[in-house]
Amino acid sequence: MTTSDVTIRGVSKKFGTNVVLQNINLDIKHGELLTLLGPSGCGKTTTLNAIAGFLDPDEGELYIKGKKVNGVPPYKRDLGMVFQTYSLFPHMTVHENLVFGLKLRKIKKGELDSRISRALALVKLTGLEKRYPRELSGGQRQRVAIARALVVEPELLLLDEPLSNLDAKLRHELRAEIKRLQKEVGVTTIFVTHDQEEALSMSDRIVVMNQGKIEQIGTPTDIYQNPQSEFVFQFIGKSNRFEGVVIEADADHTDVEITEGWVVKTKKQNAIGNDRAFHVGDAVNLYIRPEAISIMSDDHGHSGADSEHVRQKAVIKQMNYLGSQWEIEVSVKGQYNVQIVGPTIENSWQVGTEVLVEWKTSDIRLTKR
Ligand SMILES: Nc1ncnc2c1ncn2[C@@H]1O[C@H](COP(=O)(O)OP(=O)(O)OP(=O)(O)O)[C@@H](O)[C@H]1O
């Protein structure tokens with residue numbers, strides 16, 4: 001039998017005629033923080049609800065710790081859950097909120113108190129036991145919700161967009177905190193989010209979902225650097241897109257003309273996914289990430305490209321200071337707006353300055369259009 005904490009085999013679900021999950025297969029390892037990531041409506045919450053037992057799949061099997069759980073009610077699945085909206089009992093203090101689940105599990109008084117102190121220490125809320133939810137900030141309330149989920153020492157922690165109601169700064173703080181305490185406690189965790197940055201920064205592995213299907217499963221670096229589909233590439237991070245046509249192709253190389261006089265040489269490994277056979281005349285999309293582009297003053301006198309680099313003259317259109325870095329938009333050949341993200345600029349640059357932009361051909365990604 002399996003060594004995974006959660007195993008999902010061939011799970012499908014329809015609501016009326018709307019197919020929401022299609023043949024989902026997934027193994028979640030013990031102790032890992034696995035994120036379900038995808039756009040709104042792709043089936044993340046439905047997957048989580050199937051694991052939790054709030055809905056039964058039409059087809060397929062679910063196992064928790066090797067035990068088939070189809071038909072087993074949620075309260076018998078040994079889960080801790082935290083949702084987007086604060087699900088604390090408003091008329092109970094922090095302490096009482098935490099006691100609730102422990103009493104249901106018939107935990108004795110002495111152990112109950114020590115578990116509550118431990119859980120509150122984990123989420124850094126020691127001392128706030130007597131407060132009511134209305135006397136806490138949003139971030140503190142979500143911490144209590146996390147403590148309440150952890151205090152019962154569940155086999156599995158399920159987090160459904162727990163940070164999405166918080167402001168950006170708190171979200172950042174809590175991200176790091178959840179990651180830390182998840183590793184400290186070692187509880188197998190499934191985290192749902194539509195925020196790619198959140199997924200990349202917190203997860204051991206990410207499951208990218210699209211329209212009820214799994215597009216790719218991998219570590220954050222894997223997903224970012226080796227996307228297996230155009231959807232994953234576009235969903236994870238930003239990119240500049242150029243439309244082009246293949247004008248030369250052999251087993252290893254594909255030369256793409258973007259516009260008259262601008263040909264970009266790419267290699268087989270630049271292609272996204274499995275369809276890497278390009279032919280002369282194929283319409284393609286050529287992508288480059290904003291952070292993969294360098295920008296420099298146009299006094300180097302070496303416009304044009306070599307086999308390893310694309311290099312073009314450009315004109316600065318917009319410069320936005322983001323604090324730790326700059327976001328710059330340039331126009332290439334008077335017709336392509338290209339976004340660049342980088343840490344440094346030169347003092348003399350302003351809107352209208354002529355510059356050079358450069359990127360490595362190895363950073364290009366190519367798909368058929
Ligand atoms: N109880 C339900 N009855 C009918 N349709 C539903 C039900 N629950 C979800 N759906 C539909 O199933 C699809 C997937 O919903 P789900 O909540 O799983 O998406 P999600 O990826 O979690 O999206 P979000 O990020 O917006 O929460 C959506 O089209 C949704 O409208």
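Asn 97 touches Leu 88, Phe 89, Met 92, Val 144 and Arg 148, leaving aside residues up to four places away in sequence; two residues are in contact if their C-beta atoms, placed from the backbone, lie within 7 Å. The residue lies in helix α2 (residues 94–104). Helices (H or I, at least four residues) and strands (E, at least two) are DSSP runs, numbered from the N terminus. Asn 97 counts as buried because it has 24 C-beta neighbours inside 10 Å. The term buried applies if 20 or more other C-beta atoms lie within 10 Å of a residue's own, exposed if 12 or fewer, and partly exposed in between, with C-beta atoms placed from the backbone. Between the C-alpha atoms of Asn 97 and Ile 293, which are 196 residues apart along the chain, the separation is 51 Å.

This is a predicted model, in which local features need pLDDT of at least 70 and side-chain atom pairs count only at pLDDT 80 or more, while totals for chains, interfaces and linings use all residues. Residues are numbered from 1 along each chain as its sequence is written. The mean pLDDT of the protein is 91, and 98% of its residues reach 70 or more; pLDDT is the predictor's confidence in each residue, from 0 to 100. The scores of the model are ipTM 0.95 and pTM 0.87.

The protein as a whole contains eight helices and 20 strands. Its C-alpha trace spans about 80 × 50 × 35 Å along the principal axes. Of its 369 residues, 34% count as buried. Among contacts between residues at least 6 apart in sequence, 67% join residues at least 24 apart.

Helix α3 is covered on its buried residues by elements that include α2 and α4. It has 14 residues, and the distance from its first C-alpha to its last is 20 Å, close to the 20 Å expected at 1.5 Å a residue; the expected span is 1.5 Å times one less than the number of residues in the helix. Ile 116, Ala 119 and Leu 120 are the buried residues of α3. Seen down the axis of α3, they fall within an arc of 95°, so they line one face of the helix; the arc is that of the directions from the helix axis to the C-beta atoms. An α-helix has 3.6 residues a turn, so residues three or four places apart point the same way. On the other side of α3, the exposed residues are Gly 110, Glu 111, Ser 114 and Ala 121. Lys 124, with a positive phi near 60°, follows the helix.

Helix α5 (residues 168–185) has 18 residues and reaches 26 Å from its first C-alpha to its last, close to the expected 26 Å. Its buried residues are Leu 174, Arg 175, Ile 178, Leu 181 and Gln 182. They fall within an arc of 155° when seen down the axis of α5, so they line one face of the helix. These buried residues pack against β3 (33–37), α3 (109–122), α4 (138–151), β8 (188–193) and α6 (196–202). The face of α5 turned away from the buried side carries the exposed residues Lys 169, Ala 176, Arg 180 and Glu 184. After α5 comes Gly 186, whose phi is positive, near 75°.

The ligand is surrounded by Phe 15, Asn 18, Val 20, Gly 38, Ser 40, Gly 41, Cys 42, Gly 43, Lys 44, Thr 45, Thr 46 and His 194; a residue is near a molecule if its C-beta atom, placed from the backbone, lies within 6 Å of it. The largest share, three residues, comes from α1. By type, the shell divides into three nonpolar, eight polar and one charged residue. Here Ala, Val, Leu, Ile, Met, Phe, Trp, Tyr, Cys and Pro count as nonpolar, Asp, Glu, Lys and Arg as charged, and the others, Gly among them, as polar.

Most residues other than glycine have a negative phi. Asp 78, which is not a glycine, has a positive phi of about 60°, and its place is in the loop between β5 (67–68) and β6 (79–82). Asp 78 is partly exposed, with 15 other C-beta atoms within 10 Å. Lys 333 has a positive phi near 55° and is found in the loop between β17 (326–332) and β18 (336–342). Lys 333 counts as partly exposed because it has 14 C-beta neighbours inside 10 Å.
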